[in-house]
Amino acid sequence: MQYLKKLLNSAEGFRFIFFVYLFLGIEYISMPSAGILVIWAGYLAVRKLLRESRIQRIRYRKILYCFLLGAVLTTALHAEKNLADNLGLICMMGIYFFLLYGMHGEESNFRCKREMKRILSFTVFMTTALMIMGLIGLAIFPKGFSWNGLPFILYESRFLGLLFNANVAGFYSAMAIIACHILWRMIRAEHRLSVRRKLLYIGCMAVNLLALFLSDSNASLLFLVVYCSFVMFYILFRDFSRKKIHGFLLRITATILSFIVIIASLMFFRVLTQSRVSLVMTSGHSETELSTGIIAEDGTVGLTDDEDRENLFGHENTNPDSGRFKIWKQSLQMYEKYPLLGIGKANIIDYGQEYVGGLRYDDFHNGFITILISYGLTGLHLFLIFSLTVAGDMLKTIFRYKKKCRDDGSVPVLITAFCAAYLVYAMFEPALLADMSYRVYIFWMLLGFGMSYVQKYRRQSAIEKDSIDQSVTDLPSAVERLRQKHHRIKQPLQLRL
């Protein structure tokens, strides 16, 4: 009973359980269970944030208040449709804002680091386990299979593993690779990175990179590319002097070239990996055993028709945008109807049927456009103000406190790189704010971790400044004491002479 009471009062415990809930996709199996978590979150918000006044420590909370107030107003204006769903999404946004991003206001940086290490370790090892089981399943079921109408292992020549969507599988893999990198640097800064742990992380990265290539998710690959490019950008500009203009141009050129080299290399290895895995999957099988293609004498796989083509990796995508341009155009038509406050996230499908002849999904495969349609120009404007303000805060921190960042294994730099990459990723996927998913959770959680470093460095800087100011203030009295001491020592000598 005492343990249960302690757990109920623990924001850290809530975050971990909620993380596992979303990571495993339990919301798709038992959606009502989310209500219990929302009630728990409300209890913690009242106890931790309001009663203990920790909400006052959250940076830029007033912008978040205004956004939630606008979302409530939008929901009230469209209360005749999906009222409960829209209120539930507002509760979810409150959790993201105050219990995930706001963790920097309620916990010390040490406790945040401990929590971050636990969640990232869970991410790495659970994702790797899922991908290994998926790859084993691929060897057993080369064409994949379906269960209760959901595809598994392979669908439309894209690797799913044990997940239900190739884009989701790609994100899980890319996120695991980034989590491996962050953990590597954290543990290395603590001088506890053993050879065994290095090999373990390298193996996890290799498995997830293979799964990412086979998932054929362009958005997830771009997510990883932008992350690597930002890290390269920071390395090039970390010690940059504004007085050297030619150096600035050289660094910009090097950053652009790094981006091109990284994306070209990953695209090349993705195509190579897909072709090799396809060859391995079809080797040793006759045409009657596999309806996926014909193996030529030179060992290459020849496809018989378009239906067969879908059963192998490396298929040609005849629609590179995957229908995104069409739904983005439809979003403009809906925006014209309710430009200021939007229609509410849960109303997208209903209003889509009314104004644009129907929509396939309740989002627009673009997090920013989804916010625009859901909460209008007001909501998007507030979200962009918040995003740019926090981004400026984090960028100033990693460039101003370079030595402190190095002492922490450059973890604040890596979190900033993740956030920048995620915002680019959100331009092509529905994963930014008004959604109950692992992808949205991991973004707001790492943003909260990043802000804990901002708070830590600012407090340390303030303490160091106060110490220096106190030393300067005490300097005249110290000089006077030394002068008097010197006078007392010198006076007896004069008397003896």
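Reader: Which residues of α10 are buried?

Author: Some ground rules come first. This is a predicted model, in which local features need pLDDT of at least 70 and side-chain atom pairs count only at pLDDT 80 or more, while totals for chains, interfaces and linings use all residues. Residues are numbered from 1 along each chain as its sequence is written, and side-chain values use heavy atoms, with hydrogens and water left out.

Now your helix. The buried residues of α10 are Y201, C204, V207, N208, A211, L212, F213, L214 and S215. Buried means under 20% relative accessible area, exposed means over 50%, and partly exposed is in between (1.4 Å probe, protein chains only).

How long is α10? It has 21 residues. From first C-alpha to last it reaches 30 Å, close to the 30 Å expected at 1.5 Å a residue. That expected span is 1.5 Å times one less than the number of residues.

Look at the end of the helix. α10 is followed by D216. D216 lies in the loop between α10 (195–215) and α11 (218–237). Its phi is positive, near 60°, and D216 is not a glycine. Most residues other than glycine have a negative phi. D216 counts as buried because its relative accessibility is 17%.

Compare E156. E156 also has a positive phi, of about 55°, without being a glycine. E156 sits in the loop between β2 (150–155) and β3 (158–161). At 42% relative accessibility, E156 counts as partly exposed.

C204 is buried, at 4% relative accessibility. Does a cysteine partner come within bonding distance, or is it too far? The sulfur of C180 is 4.8 Å from its closest cysteine sulfur, in C204, and that is too far for a bond. A disulfide is a pair of cysteine sulfur atoms within 2.5 Å. By this rule the count comes to 0 disulfides. C180 is buried too, with a relative accessible area of 0%.

Other helices can be read in the way we read α10. Take α14 (residues 324–337). It has 14 residues and reaches 21 Å from its first C-alpha to its last, close to the 20 Å expected at 1.5 Å a residue. Its buried residues are R324, I327, W328, Q330, S331 and M334. Seen down the axis of α14, these fall within an arc of 160°, so they line one face of the helix. The arc is that of the directions from the helix axis to the C-beta atoms. On the other side of α14, F325, K326, K329, L332 and E336 are exposed. An α-helix has 3.6 residues a turn, so residues three or four places apart point the same way. What covers the buried residues of α14 includes α9 (166–189), α15 (348–355) and α16.

α5 (residues 61–77) is another case. It has 17 residues and reaches 25 Å from its first C-alpha to its last, close to the 24 Å expected. Among its buried residues are I63, L64, F67 and L68. The buried residues of α5 pack against α6 (83–101) and α16 (367–400).

Now take a residue inside it. I398 is in α16, and at 1% relative accessibility it counts as buried. I398 touches F230, Y234, C405, P412, V413 and T416, not counting residues up to four places away in sequence. Contact means heavy atoms within 4.5 Å.

Last, the core. A nonpolar core is a set of buried Ala, Val, Leu, Ile, Met, Phe, Trp, Tyr and Cys residues joined through side-chain atoms within 4.5 Å. The largest one has 126 residues, and M93, F418, Y422 and W444 touch the most other members. α9 gives the most to this core, with 15 residues. W444 has contacts that include Y96, F97, F383 and L432. Apart from this core lies another, of 11 residues, among them I343, V356, F364 and I369. In soluble globular proteins, nonpolar side chains tend to be buried together.

How values were computed
Helix = DSSP H or I, 4+ residues; strand = E, 2+ residues; numbered from the N terminus.
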